[in-house]
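I opened this one to see what sits where, and jotted things down as I went. Here are my notes.

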Amino acid sequence: MNWKAAFFIARRSMKGRGGMGRRDSTEMGKGTLKAPGGGLGGAIVAIGISIVPLILVMTVSDGMIEGITRRYIETKSHHMQIGLPLGPSAEIAAAAIPALKALPGVAAAYLERDGTAVAVSGSRSHAILARALPADYFLDPGTGRFLTALEGNPIPSGSRGMVIGSALAQALAVGLGDLLTVVTPGAEADDTAQYLGSGYAPRLSTFRITGIVSAGYRDLDALWAFISPEAGDRILSYPSSTAFIGLKVENPYGGELGGEIRNKVGDAMKGLYPQWFEDYLVRTWPELEQSLYANFGTTKTMLLFIMAIILLVAAVNLGSALSTFVAERTMEIAVLRSLGASDRTIGGIFTGAGLLAGAVGTILGVGAGLLLAVNINPLIRWVEWIVNAGDATLSRLAGRPALPLKLLDPGYYLEAIPLVVDFKSVAMVVAASLVLSVAVSLLPSRRAVRISVQDLIRKS
């Protein structure tokens with residue numbers, strides 16, 4: 001018997017005992033048939049069901065991570081930063097920015113000065129990151145894609161204008177046109193500073209809110225306060241603030257960002273300012289937000305680990321089904337042996353059955369998982385509608401106000417999950433599922449190989 005015949009038998013064995021099963025010996029005289037034996041359909045379904053959440057979690061988590069990452073690198077950290085000495089930062093940037101923009105692969109460059117501060121409105125206060133940026137930054141296509149103007153002008157202007165995030169405006173209970181008092185440290189070594197026990201005295205500055213913006217992610221919207229470079233020169237002093245040149249490149253996800261482009265940027269800055277520039281002052285966005293992305297990666301790994309355990313349980317279920325399968329077909333195995341089937345062929349039949357069951361379950365699971373992932377945003381809205389409709393009905397009957405549910409609240413998460421399908425990861429899931437299917441089939445195959453015709457004759 002060759003492998004083609006073994007594969008044919010394995011394929012037919014997946015269907016279980018169909019049609020006219022064998023007669024029950026205790027009911028032979030009455031002509032009663034024994035119930036058909038079970039196939040591997042349940043194991044196939046279990047594998048498929050276990051792979052669906054694995055594909056869904058993998059795709060959705062990748063989409064969420066990429067969506068948040070794009071917002072961070074386009075509106076917060078830039079694609080690359082070059083640290084500058086604070087004092088002459090404006091003079092350095094005036095010469096460096098034109099040279100950096102001329103480099104291949106560099107799309108834009110901006111001077112930014114940042115400083116921590118406290119914003120006060122009435123009895124409310126909130127820590128902020130004051131960011132002094134030129135108007136060109138807000139006109140950048142990447143910035144404009146994710147930083148949306150909700151009210152007013154999104155570009156800060158003058159020495160008293162300020163644009164704040166929507167979550168910060170909510171926390172301070174302020175709106176367009178309202179005044180904010182901003183408290184920053186000032187390098188004032190006067191009697192008051194000495195009395196306070198430090199070399200710094202608080203500086204109070206008043207700003208009028210000229211715009212409210214949102215990056216679509218609450219963690220960012222709750223922190224930002226944008227001001228003009230003119231205002232930054234006035235309230236952000238050394239050493240309580242930092243200055244750097246933020247770069248936007250043509251391909252922020254390419255390998256050349258940390259290689260070729262980084263080297264060219266370093267060479268250009270070293271040629272302009274050899275007296276103070278060092279290579280470590282150039283940092284890419286994965287380095288700038290290393291802890292954030294490590295946290296994302298850890299969360300995704302834990303979710304995938306849980307889903308992988310479910311897949312392992314489904315594979316064990318397949319092994320159990322195959323063991324039952326072998327026990328039900330001892331007579332057929334003996335017949336095959338009497339026809340000259342070798343141990344290798346007998347084992348191949350059941351290993352092939354396990355591989356086929358795993359392949360069918362994997363294909364069904366991957367297909368269903370990708371279908372759900374592609375339609376995840378409509379599905380979420382559909383679930384929200386169903387839940388909210390049911391809650392509204394119950395609220396009317398109970399005489400209480402309805403509590404609307406929003407699974408993707410743009411105040412805390414992304415408004416919509418970007419679709420990201422990593423086909424390499426999908427291929428790894430498929431390969432792992434097939435390997436597990438073969439692995440759990442080995443023990444039932446060994447049991448099948450040990451069945452002999454002589455033992456069956458002695459027991460009959």
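**Strand 9, starting with Ser241**

I looked up Ser241 and found it in strand 9; helices (H or I, at least four residues) and strands (E, at least two) are DSSP runs, numbered from the N terminus. Before going on, I noted that this is a predicted model, where local features need pLDDT of at least 70 and side-chain atom pairs count only at pLDDT 80 or more, while totals for chains, interfaces and linings use all residues. Residues are numbered from 1 along each chain as its sequence is written, and side-chain values use heavy atoms, with hydrogens and water left out.

Is Ser241 buried or exposed? Ser241 is buried, because its relative accessible area is 7%; buried means under 20% relative accessible area, exposed over 50%, and partly exposed is in between (1.4 Å probe, protein chains only).

Next I checked what Ser241 touches, where contact means heavy atoms within 4.5 Å. Skipping neighbours within four places in sequence, Ser241 is in contact with Leu86, Arg113, Asp114, Gly115 and Leu236.

Ala243 is in strand 9 too. Its relative accessible area is 6%, so Ala243 counts as buried. Not counting residues up to four places away in sequence, Ala243 touches Ile82, Gly83, Leu84, Leu86, Ser89, Glu112 and Arg113. I also checked Ala243 against Ile82: they are 161 residues apart along the chain, and their C-alpha atoms are separated by 8.8 Å.

Then came Phe244, which lies in strand 9. Phe244 is buried because its relative accessible area is 6%. Which residues does Phe244 contact, leaving aside its neighbours within four places in sequence? I listed His78, Gln81, Ile82, Gly83, Leu84, Tyr110, Leu111, Glu112 and Asp114.

**Two positive phi angles**

His78 is not a glycine, yet its phi is positive, about 65 degrees. I wrote down a reminder that most residues other than glycine have a negative phi. His78 sits in the loop between helix 2 (41-75) and strand 1. Its relative accessibility is 0%, so His78 counts as buried.

Ala173 is another non-glycine with a positive phi, here about 55 degrees. I found Ala173 in the loop between helix 6 (166-172) and strand 6 (179-186). Is Ala173 buried or exposed? Ala173 counts as exposed, because its relative accessibility is 51%.

**Helix 3**

With 13 residues, helix 3 should span 18 Å, and its end C-alpha atoms are 17 Å apart, so the two agree.

Where does helix 3 bend? It bends by about 30 degrees at Ala95, and a proline, Pro98, follows within four residues. The bend at a residue is the angle between axes fitted to the seven residues ending there and the seven starting there.

The buried residues I noted in helix 3 are Ser89, Ile92, Ala93, Ala96, Ile97 and Leu100. An α-helix has 3.6 residues a turn, so residues three or four places apart point the same way. The cover over the buried residues of helix 3 includes strand 1 (80-84), strand 2 (106-121), strand 9 (241-249) and helix 10 (257-272).

**Helix 16**

Helix 16 (residues 423-450) has 28 residues. From its first C-alpha to its last it reaches 41 Å, close to the 40 Å expected at 1.5 Å a residue. Helix 16 bends by about 35 degrees at Leu442, with a proline, Pro444, following within four residues. Its buried residues include Val426, Val429, Ser433, Ser437, Val440 and Pro444. Among what covers the buried residues of helix 16 are helix 2, helix 12, helix 13 and helix 14 (343-374).

**The whole protein**

Last, I zoomed out. How many helices and strands does the protein have? I got 17 helices and 10 strands. Of the 460 residues of the protein, 43% count as buried. For contacts with a separation of 6 or more, residues 24 or more positions apart account for 78%.

Technical notes:
The expected span of a helix is 1.5 Å times one less than its number of residues.
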